Amino acid sequence: DEEWEKETSKKLFRLTIKSDGSEEFTLVAEKGIKRSMLKSEDAYIFDVNCEVICWIGSKATSTERKKSLQYAQDYLVKNDRPHWLPISRVLEGGENAYFNAHFD
């Protein structure tokens, strides 16, 4: 509902999987999230309150591409987000107006 959405802030996380196999899932921003924060080399999990969006950079590794949806699902569970929230996957270059409207 609207009250819940107002109380919940947007969050942007970066998923990076290094060549040695180590995985990093780090918070990039909670306020002032800009489109320019997305880098082609990584995958991102963008919680926009009513949905979680996996944005896949064009230079993201195949492992980052594969694991992004799993990280989004894990994010919902670990952060007490509603299990029914939709998770979408957006590839770099395929962004639409709905996706772009979520940036500050």
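1. Phe46 and Phe99 are both buried; since this is a predicted model, the values in this note should be read as computed from predicted coordinates. A pair of aromatic rings is described by the distance of the centres and the angle of the planes. Tyr71 also counts as buried, at 17% relative accessibility. For Phe46 and Phe99 the ring centres are 6.5 Å apart and the planes stand at 85°, so the pair is edge-to-face. Phe46 belongs to strand β3 and Phe99 to helix α3 (residues 97–100), so that this pair, 53 residues apart, links distant parts of the chain.

2. How many aromatic pairs does the structure hold? There are seven aromatic pairs, among them that of Phe25 and Tyr71, whose ring centres lie 5.2 Å apart with the planes at 40°, so the pair is tilted. Because Phe25 sits in strand β2 and Tyr71 in helix α2, the pair ties together parts that are 46 residues apart in sequence. Phe25 is partly exposed, with a relative accessible area of 29%, whereas Tyr71 is buried. Ring pairs also link Phe13, Phe25, Tyr71 and Tyr75 into a cluster.

3. Five of the five residues of β3 are buried, so the strand is largely enclosed by the rest of the structure. In a regular strand the side chains alternate between the two faces of the sheet. In β3, Ala43, Ile45 and Asp47 point one way and Tyr44 and Phe46 the other way, and all are buried.

4. On the pairing of β3, five bridges join it to β1, and the two strands run antiparallel; the bridge partner of Leu12 in β3 is Phe46. With β4 the pairing of β3 is likewise in the antiparallel sense, over five bridges, and here Tyr44 stands opposite Trp55 in β4. The hairpin of β3 and β4 has four residues between the strands, and Asn49 in that hairpin takes a positive phi near 85°.

5. Turning to the sheet as a whole, five strands form an open sheet in the order β2-β1-β3-β4-β5, with mixed pairing. The edges are taken by β2 (23–29) and β5 (87–91), each of which has a single partner strand, so one side of each is left without a neighbour in the sheet. On average, neighbouring strands of this sheet are turned by 20° against each other, direction ignored. Strand β1 (residues 11–17) pairs with β2 in the antiparallel sense over six bridges, and Leu15 stands opposite Phe25 in β2. Helix α2 (residues 62–78) packs on the sheet, where it touches β1, β2, β3 (43–47), β4 (52–56) and β5, and its direction makes about 140° with that of β1.

6. Glu23 lies in strand β2 and is partly exposed, with a relative accessible area of 35%. Leaving aside neighbours within four places in sequence, Glu23 is in contact with Thr16, Ile17, Lys67 and Tyr71, and its C-alpha atom is separated by 9.1 Å from that of Glu64, 41 residues apart along the chain. Ser40, by contrast, lies in the loop between β2 and β3. Is Ser40 buried or exposed? At 18% relative accessibility, Ser40 counts as buried, the cut-off being under 20%. Not counting residues up to four places away in sequence, Ser40 touches Trp55, Gly57, Ser58, Lys59, Ala60 and Glu92.

7. Finally, some overall values. The protein chain has three helices and five strands, which follow the pattern α-β-β-β-β-α-β-α along the sequence. With 104 residues, a compact globule would have a radius of gyration near 13 Å, and the protein chain agrees with this at 13 Å; the C-alpha atoms fill a box of roughly 45 × 30 × 20 Å along the principal axes. Of the 104 residues, 38% count as buried, and the chain exposes about 6200 Å², of which carbon and sulfur atoms supply 49%. Among contacts between residues at least 6 apart in sequence, 54% join residues at least 24 apart.

Definitions and conventions: Residues numbered from 1 in each chain as written. Predicted model: local features only at pLDDT ≥ 70, side-chain atom pairs only at ≥ 80, totals over all residues. Heavy atoms only, no water. Pairing = 2+ DSSP bridges. Axes fitted to C-alpha atoms, helices over the stretch in contact; angles between N-to-C directions. Contact = heavy atoms within 4.5 Å. Rg over C-alpha atoms; globule rule 2.2 N^0.38 Å. Buried < 20%, exposed > 50% of the residue type's maximum accessible area, 1.4 Å probe, protein only. Areas by Shrake-Rupley, 256 points an atom, 1.4 Å probe, with all protein chains shown as cover. Phe/Tyr/Trp six-rings, centres within 6.5 Å; stacked < 30°, edge-to-face > 60°.
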